[in-house]
Amino acid sequence: MNTPDFTTSILVDQSPSEVYNAINNVRGWWSEEIEGSTNKLNDVFMYHYKDVHISKMKLIEVIPNQKVVWLVLENHFNFTKDNTEWKDTKISFDITKKGQQTELRFTHIGLGPHYECYEICQEAWSNYIQNSLKKLIETGKGEPNPKEGGFNGEIVKKWKLQS
């Protein structure tokens with residue numbers, strides 16, 4: 001049975017606590033263009049990548065060393081017909097001990113092949129999780145998107161007002 005969710009996982013030698021801390025260091029593996037707090041229940045943060053992608057996330061489940069779940073409150077892509085794809089989807093990070101190692105299972109709940117962005121998004125998430133986040137966990141240094149200018153500030157202002 002096919003699931004409508006995108007999932008990828010990594011196995012690392014670090015502890016569940018180290019994995020959990022790395023996940024919450026969103027600026028260290030996803031993007032340096034994060035605004036807001038990213039580690040406590042009900043925290044809201046915004047992500048953007050140039051004018052291509054802007055998202056507003058809320059932490060809706062936080063179980064230290066076990067699980068973190070984000071709800072996508074707002075989303076804007078400049079490359080899809082429905083530029084709000086991802087809105088109301090959830091992004092889940094499940095941490096489990098596997099022998100001497102720790103498994104991180106990443107699931108973007110609701111991100112499936114029915115989305116226009118699916119190929120690009122699954123490729124991007126795979127890189128962020130299997131490459132950048134894994135490096136952050138293992139070496140202390142990830143490969144997030146660097147800070148850049150040139151994003152749609154009007155959308156961000158509107159979303160801030162709605163908070």
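This is a short walk through one chain, from its overall layout down to one residue. The model is predicted; local features need pLDDT of at least 70, side-chain atom pairs count only at pLDDT 80 or more, and totals for chains, interfaces and linings use all residues. Residues are numbered from 1 along each chain as its sequence is written, and side-chain values use heavy atoms, with hydrogens and water left out.

Start with the inventory. The chain has 4 helices and 7 strands. Helices (H or I, at least four residues) and strands (E, at least two) are DSSP runs, numbered from the N terminus. Their order from the N terminus is β-α-α-β-β-β-β-β-β-α-α. Of the 163 residues, 45% are buried, meaning under 20% relative accessible area with a 1.4 Å probe, protein chains only.

Now the sheet. The 7 strands make an open, antiparallel sheet, ordered β1-β7-β6-β5-β4-β3-β2. Two strands pair if DSSP finds at least two bridges between them. Which strands stand at the edges? They are β1 (6-12) and β2 (34-36); each has a single partner strand, so one side of each is left without a neighbour in the sheet. From one strand to the next, the twist averages 20 degrees. Axes here are lines fitted to C-alpha atoms, for helices over the stretch in contact, and angles run from 0 to 180 degrees between N-to-C directions.

Next, what packs on the sheet. Helix α1 (residues 16-24) touches β1, β4, β5, β6 and β7, and its direction makes about 160 degrees with that of β6. Contact means heavy atoms within 4.5 Å. Helix α3 lies across β1, β3, β5, β6 and β7, at about 15 degrees to β1.

Stay with α3. Its 22 residues, 118-139, should span 32 Å at 1.5 Å a residue, and the end C-alpha atoms are 30 Å apart, which agrees. That expected span is 1.5 Å times one less than the number of residues. A kink of about 30 degrees is centred on Tyr128. The bend is the angle between axes fitted to the seven residues ending there and the seven starting there. Tyr128 is among the buried residues of α3, along with Trp125 and Ile129. Just after the helix, Gly140 has a positive phi of about 85 degrees.

Last, one residue. Ser55 sits in β4. Strands β3 and β4 are joined by 6 bridges, and Ser55 is the bridge partner of Tyr47. Is Ser55 buried or exposed? Buried, with a relative accessible area of 0%. Its side chain makes a polar contact of 2.3 Å with that of Asn75; such a contact is a pair of N or O atoms within 3.5 Å, and within protein one must be able to donate a hydrogen and the other to accept it, while residues adjacent in sequence count only if both atoms are side-chain atoms.

Terms used. Buried < 20%, exposed > 50% of the residue type's maximum accessible area, 1.4 Å probe, protein only.
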